[in-house]
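Welcome, and please load the model in your viewer. Which stops are worth a click? Let's walk through a few together.

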Amino acid sequence: MAAENAVAAPFRATEAQAMAQALDAALLGPRGANPLVGAVVVGPDGTTLATGYHRGAGTAHAEADAIAQATAAGVDLAGCTMVVTLEPCNHVGRTGPCTEAIIAAGITDVVYAVDDPHDPAAGGAATLRAAGISVRSGLAGVEAFELNRQWFEAVAAQRPFVTLHIAQTLDSRIAADDGTSQWISSPASLADNHALRSRIDAILVGTQTVLVDNPRLTARDSQGEPAARQPVRAVMGLRGVPAGAAIHGADGLAVHLPTRDPAEALGLLYGGGARHVMVEGGSRILSAFLTAGLVDELIVYLAPTLLGSGTPALAGLGIGTLADAQHWEWDQADGGSVRTLGRDLRLHLRPQRTAAPENARTSAEQAQGGN
């Protein structure tokens, strides 16, 4: 994934420092359909002039964010250097190309960490060079790849980025013996979850969840009103969805995926345009995605409640010995790995890295003793 078109030129110490700042800034954004990206504009004298980061799909990209901040402060960026964690994009989506913003700002040098593997966005380096801008790549390549490791994997596999969400008690129950589950989570946790729903492309549950809980699966604001942006509501399973189920709604956004295979379900959603999917349950669906290794981000709302019995959060992962256990690591992105929401804890994790990325180069390999 590392830049294959890296220029054999040393990186300055000020550029390395700016890249470290850009990596830290990137972690302020949310994971999902877009990668975490940070950008820093450095003046000719090495002074940091502006720092930007991407706040999620549909918002300004990190480069445009940094440029906008500098412009608002009346800073002239002519002759400056842009240091960014990912190759500037070259396409028009919900926002304009970052390459155009960089060119228009008069920036003359761009240093980025890794190439953008996403075909619609790739090619930014070539566009910048064609405009006469000096482009160097590979600085902090390993660190930048690791920042978005799961996103790179999802793009390579041509599947959506997958967030798995669990709302559970201290003893890992998602419902009591009688099936009641509303509300295990605090109002603050519910509000956080609805904010996430408004950012994703699709929310996925199993048919059993629909039959037992009859959820709406809509994104709602603090007043309980529908949010402006709604996810596709997907039901996975071989059983049909009752015509009167609340999930149907009146907006035509509900779909039935007639499969029990997580990979097939993701393929169907990806084919329909979904690039970020949140899996909400029930136990068997959650377990199926975890067993298949198709979870990129894990969000657990942990309530200080004990039930002693009831429906477990997971139905089993087929693990018979500790040596085969799944290992996760705390994720510092988007507010940190542990947050307090009302009476609950919000735990944010991602799969533990099993091996170093083979194609990402270290910043030391690229710096070549720059000053």
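The tour goes from a sheet to a helix and then to a pocket.

This is a predicted model, where local features need pLDDT of at least 70, side-chain atom pairs count only at pLDDT 80 or more, and totals for chains, interfaces and linings use all residues. Residues are numbered from 1 along each chain as its sequence is written, and side-chain values use heavy atoms, leaving out hydrogens and water.

**The sheet.** Select the open sheet of 5 strands, ordered S2-S1-S3-S4-S5 with mixed pairing. Strands (E, at least two residues) and helices (H or I, at least four) are DSSP runs, numbered from the N terminus; two strands pair if DSSP finds at least two bridges between them. S2 (48-53) and S5 (134-137) are the edges, each with a single partner strand, so one side of each has no neighbour in the sheet. Next, show S4 and S5: they run parallel, joined by 4 bridges.

**Helix H6.** Now pick residues 149-157. Buried here (under 20% relative accessible area with a 1.4 Å probe, protein chains only; exposed is over 50%, partly exposed in between) are Arg149, Gln150, Trp151, Phe152 and Ala154. Just after H6, glutamine 158 takes a positive phi of about 55°.

**Lining of the largest pocket.** A pocket is an open set of points on a 1 Å grid over the protein atoms alone, where a 1.4 Å probe fits, with protein on both sides within 12 Å along at least five of seven lines; lining residues have an atom within 4 Å of a point. Select Thr209, Asp213, Glu280, Gly281 and Gly282, which lie nearest its centre among 48 lining residues. Finish on H7, which gives the most to this lining, with 7 residues.
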